[in-house]
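Try each task before you read its solution.

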Amino acid sequence: MKTRLPPLKPLRVFEAVVRTGSLTLAAAELHLTHSAVSQQIKLLEQHFDQTLFIRGQRGVEPTEAARVFFADVKAGLDRIALASEQLLNTGKQRIIRVSCTPSMAMRWLIPRLSSFQIENPRVEIRVTTSTVAVDAIKEPFDVLIRRSPMHRAEYECIRFLDDVLTPVASPRYLQQHKFAAPADLLQASLLHLSSRSETWTRWFGEVGVPIKGQLPGQIYEHFFLSLQAALTDLGVAMGSLALIEDDLAHGSLLPLFPDLRLQDKGFHLLFRPSHQDPVLANFIAWLQLKGKQTSNGIKEENQQAK
């Protein structure tokens, strides 16, 4: 009779193959030969007495059953990696790894971290930036911050910060270009995000401006790049109020129509349930507090704009 626990080495290979979608890429990542990876997958398929992958022209695709199995396998391997690191760091300074987008790191998280570090000197917040989807993240993390809800087996996701959008531009640009009504922006140089290409279309729809054809303007890969373009008089960006507080406070960016705002999905945290980890629970509570403070500030500004 087969044991309920499958062989562990093939499990690690299985996780890498599903995540990369390639035997070759998995072999390179694990420093194994292509044939060794194939052999490990074969062992796992023999253990479960079923095919786990469908071979195609573009690589390998997991079966539906294998996809479901993958979610639990990845969560289990992540927990082992985290437990191992915690054991290694017993008695040492605690590290909390945060993965977020570059714009969130630069414009919201890092400027606030000093207050947490002062109160928690034995906790190091290690911030890395990434824009890839949750399932594509290779590095282990304790907290993931993204601009939409996320799902991962054995993790919890909460919304902690409002994401309210409004058009912004530099004072110089607004001196050179006059916009009396939202429809006038159809003639402006609009600054777009490749990852959120529909944002301007949604805003025009929200304010009742019909669009004919393609919207004008330049496309940028990151939010902070579009803001830099706006700061240097290149056009009108769609600014997330949570990330441009300082720019608005110092007058380096100005809202064009302060009362016409687009409410987006909000910023979310993904983390393992923290009730058994007081250090992580404390950091999550701190993020929620700072998020609430920022969101309350946005709501107050909105009331004043109206």
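**Exercise 1: A pair of rings**

In this predicted model, a search of the whole structure finds 13 aromatic pairs. Take the rings of F14 and F69: is the pair stacked, edge-to-face or tilted?

Solution. A pair of aromatic rings is described by the distance of the centres and the angle of the planes. Start with the distance: the centres of the F14 and F69 rings are 5.4 Å apart, and rings pair if their centres lie within 6.5 Å. Now the angle: the planes meet at 45°. Stacked needs under 30 degrees and edge-to-face over 60, so the pair is tilted.

**Exercise 2: Where the pair sits**

Which helices hold F14 and F69, and how many residues apart are they?

Solution. F14 belongs to helix α1 (residues 8-20) and F69 to helix α4 (residues 64-88).

**Exercise 3: Buried or exposed?**

Decide for F14 whether the residue is buried or exposed, then classify F69.

Solution. Buried means under 20% relative accessible area. F14 has 0%, so F14 counts as buried. F69 has 25%, so F69 is partly exposed.

**Exercise 4: Charges over rings**

Over which rings do R147 and R152 lie?

Solution. The charged end of R147 sits over the ring of F223, 5.0 Å from the ring centre. R152 lies over the face of Y155, and here the distance to the ring centre is 5.4 Å.

Technical notes: Residues are numbered from 1 along each chain as its sequence is written. This is a predicted model: local features need pLDDT of at least 70, side-chain atom pairs count only at pLDDT 80 or more; totals for chains, interfaces and linings use all residues. Side-chain values use heavy atoms; hydrogens and water are left out. Rings of Phe, Tyr and Trp (its six-membered ring) pair if their centres lie within 6.5 Å; planes under 30 degrees apart count as stacked, over 60 as edge-to-face and the rest as tilted. Helices (H or I, at least four residues) and strands (E, at least two) are DSSP runs, numbered from the N terminus. Buried means under 20% relative accessible area, exposed over 50%, partly exposed in between (1.4 Å probe, protein chains only). A charge sits over a ring if NZ of Lys or CZ of Arg is within 6 Å of the ring centre and within 35 degrees of the ring normal.
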